[in-house]
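Please look through the structure shown here before reading on. The briefing is meant to be read alongside it, one topic at a time.

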Amino acid sequence: MGAVRRLVDADTGEPVPYAPYAFSGRHTQVDKARVEAITESKAFTPSQKFLVLWWIGVSPEGMEPLRATGADIAKRVGMSADAVGKINRKLVKHRILIVRGRVGNYNFYRISPYIAFHGTGLEQREAVKTCNPPDIPGFDESAPARWEAQ
């Protein structure tokens, strides 16, 4: 076996701690322009914007839905189940959330892969083919970095 290479600070000569990865646990690719448009839009309330960010953080890998009821989500985010249901329905209307399953009369959701995705770039490219882009008031769909529909 070879010797372990230690990094040193160029200015001080002190050892730099090795960190194999900067994130703690799982992470997600996020379309910053779309999230910025949502958070700046007057079409969404602060509670709706909060839930968008929450959905980005909790949506499972790939296109799997979060298997949680409105009551479960309400407990986790400190809202009423009715408020969570109304917000989720509005986010679905704007295609920010997508329905990915159903049990009884309850839908299971996840964040749109256009907004956030946990998986490889190739998997994300395939995922966006399964749904329409979100309808975010004020978002400029003609920005040059918009590759997903091409």
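This is a predicted model: local features need pLDDT of at least 70, side-chain atom pairs count only at pLDDT 80 or more; totals for chains, interfaces and linings use all residues.

**Overall features**

- The protein has 150 residues, of which 37% count as buried.
- When contacts between residues at least 6 apart in sequence are considered, 55% of them join residues at least 24 apart.

**The β2–β3 hairpin**

- Strand β2, covering residues 97–103, and strand β3, covering residues 106–111, run antiparallel and are joined by six bridges.
- Between these two strands of the hairpin there are two residues, and Gly104, which lies in the turn, has a positive phi of about 60°.
- Across the pair, Arg102 stands opposite Asn107, which belongs to β3.

**The packing of α2 and α3**

- Helix α2 (residues 46–58) and helix α3 (residues 70–77) have axes that come within 12 Å and cross at roughly 105°.
- Because angles of 65 to 115 degrees count as roughly perpendicular, α2 and α3 are described as roughly perpendicular to each other.
- On the α2 side the contact is made by Phe50, Leu51, Trp54, Trp55 and Val58, while α3 contributes Ile73, Arg76 and Val77.
- Sorted by class, this contact of α2 with α3 has seven nonpolar residues, one charged residue and no polar residues.

Key: Residues are numbered from 1 along each chain as its sequence is written. Side-chain values use heavy atoms; hydrogens and water are left out. Two strands pair if DSSP finds at least two bridges between them. Helices (H or I, at least four residues) and strands (E, at least two) are DSSP runs, numbered from the N terminus. Axes are lines fitted to C-alpha atoms, for helices over the stretch in contact, and angles run from 0 to 180 degrees between N-to-C directions. Angles under 35 degrees count as roughly parallel, over 145 as roughly antiparallel, 65 to 115 as roughly perpendicular and the rest as oblique. Contact means heavy atoms within 4.5 Å. Ala, Val, Leu, Ile, Met, Phe, Trp, Tyr, Cys and Pro count as nonpolar, Asp, Glu, Lys and Arg as charged, and the others, Gly among them, as polar. Buried means under 20% relative accessible area, exposed over 50%, partly exposed in between (1.4 Å probe, protein chains only).
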